[in-house]
Amino acid sequence: MVAGSFSDEIVSPVDAKRLWNAFVKDGHNLLPKQVPEIFSSITLLQGDGGVGTIKEVKLTPGAHKEFNYVKERVEEVDDAKLVYRYSHIEGGLLGKKVASARYELKYTPKPEGGTVCSSTLYFDSLPGVPEDQAKIEEVKEKSTALFKKIEAYLLANPTLYR
């Protein structure tokens with residue numbers, strides 16, 4: 001088993017609180033509506049979005065080659081620091097390539113306006129599964145494309161998620 005992580009950072013002109021509200025507070029509604037080519041649904045199975053909430057994320061057929069759903073547990077929601085942490089508890093690559101996967105998202109306001117959005121994935125791979133740098137780069141590219149699509153939506157709709 002290999003423990004690993006990778007991080008990415010995106011600078012956005014959108015206010016940190018708007019990004020937080022869109023992605024964290026209302027992502028279960030927003031993402032399937034604005035990115036239906038990836039998300040068929042995001043359902044709160046238990047809880048209201050706070051710590052302990054269990055979400056089921058169903059992907060559109062063809063959105064991912066190796067899985068079509070993942071269940072997530074919310075580990076932390078810090079509204080003051082704009083930090084969100086969650087872990088995969090079922091589906092996804094669990095049991096196929098990884099033993100665990102944990103995510104951390106941070107939205108840091110820039111003094112001159114806009115936001116620095118940081119994401120980190122922590123994982124423990126299954127024994128014998130080598131690190132795949134090409135796959136890591138692919139995940140980063142897809143995550144950036146998803147982020148940019150929601151960012152464009154927020155820029156085109158400046159009164160939403162205030």
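## Strands E4 and E5

Glutamate 72 stands opposite histidine 88 of strand E5. This position belongs to a predicted model, in which strands E4 and E5 pair in the antiparallel sense over eight bridges. The two strands form a hairpin, with four residues between them. Within the turn of this hairpin, leucine 82 has a positive phi of about 55°.

The side chains of glutamate 90 and lysine 71 meet with a distance of 3.6 Å from N to O. Glutamate 90 belongs to strand E5 and lysine 71 to strand E4, so that the pair, 19 residues apart, links distant parts of the chain. Glutamate 90 counts as partly exposed, because its relative accessibility is 33%. Lysine 71, in contrast, counts as buried, because its relative accessibility is 18% and the limit for a buried residue is under 20%.

## Strands E5 and E6

Strand E5 pairs with strand E6 as well, in the antiparallel sense and over five bridges. E5 and E6 form a hairpin with six residues between them. The turn contains glycine 92, which has a positive phi of about 60°. One of the bridges places serine 87 with its partner arginine 102 in E6.

In a regular strand, the side chains alternate between the two faces of the sheet.

Arginine 102 is found in strand E6. What is the relative accessible area of arginine 102? The value is 35%, and arginine 102 is therefore partly exposed. The side chain of arginine 102 makes a polar contact of 2.8 Å with the side chain of serine 100.

Leaving aside neighbours within four places in sequence, arginine 102 is in contact with Tyr86 and Ser87, and also with Thr120, Leu121, Tyr122, Phe123 and Asp124. The C-alpha atom of arginine 102 is separated by 11 Å from that of phenylalanine 6, a residue 96 places away along the chain.

## Salt bridges

How many salt bridges does a search of the whole structure find? The search finds 16. One of them is formed by the side chains of lysine 97 and glutamate 66, which meet at 3.1 Å from N to O. This pair links distant parts of the chain, 31 residues apart. Lysine 97 lies in the loop between strand E5 (83-91) and strand E6 (98-109), and glutamate 66 in the loop between strand E3 (54-59) and strand E4 (69-78). Lysine 97 has a relative accessibility of 31% and so counts as partly exposed. Glutamate 66 also counts as partly exposed, at 27% relative accessibility. Glu66 and Lys97 belong to a network of salt bridges that also links Lys135, Glu138 and Lys142.

A further salt bridge joins arginine 73 to glutamate 75, with the closest N and O atoms 3.0 Å apart. Arginine 73 has a relative accessible area of 34% and is partly exposed. Glutamate 75 counts as partly exposed, with a relative accessibility of 37%.

## Aromatic pairs

A pair of aromatic rings is described by the distance of the centres and the angle of the planes. A search of the whole structure finds four aromatic pairs. Among them is the pair of tryptophan 20 and tyrosine 107, which is edge-to-face, with 6.0 Å from centre to centre and 80° between the planes. Tryptophan 20 lies in helix H1 (residues 16-25) and tyrosine 107 in strand E6, so this pair ties together parts that are 87 residues apart in sequence. Both tryptophan 20 and tyrosine 107 are buried.

Why does the pair of tyrosine 86 and tyrosine 103 count as stacked? The ring centres are 4.8 Å apart and the planes lie at 10°, and planes under 30 degrees apart count as stacked. Because tyrosine 86 lies in strand E5 and tyrosine 103 in strand E6, the pair ties together parts that are 17 residues apart in sequence. Tyrosine 86 counts as buried, at 14% relative accessibility. Ring pairs link Tyr86 and Tyr103 with Tyr84 into a cluster.

Conventions:
Residues are numbered from 1 along each chain as its sequence is written. This is a predicted model: local features need pLDDT of at least 70, side-chain atom pairs count only at pLDDT 80 or more; totals for chains, interfaces and linings use all residues. Side-chain values use heavy atoms; hydrogens and water are left out. A salt bridge is a side-chain nitrogen of Lys or Arg within 4 Å of a carboxyl oxygen of Asp or Glu. Buried means under 20% relative accessible area, exposed over 50%, partly exposed in between (1.4 Å probe, protein chains only). Two strands pair if DSSP finds at least two bridges between them. Contact means heavy atoms within 4.5 Å. A polar contact is a pair of N or O atoms within 3.5 Å; within protein, one must be able to donate a hydrogen and the other to accept it, and residues adjacent in sequence count only if both atoms are side-chain atoms. Rings of Phe, Tyr and Trp (its six-membered ring) pair if their centres lie within 6.5 Å; planes under 30 degrees apart count as stacked, over 60 as edge-to-face and the rest as tilted.
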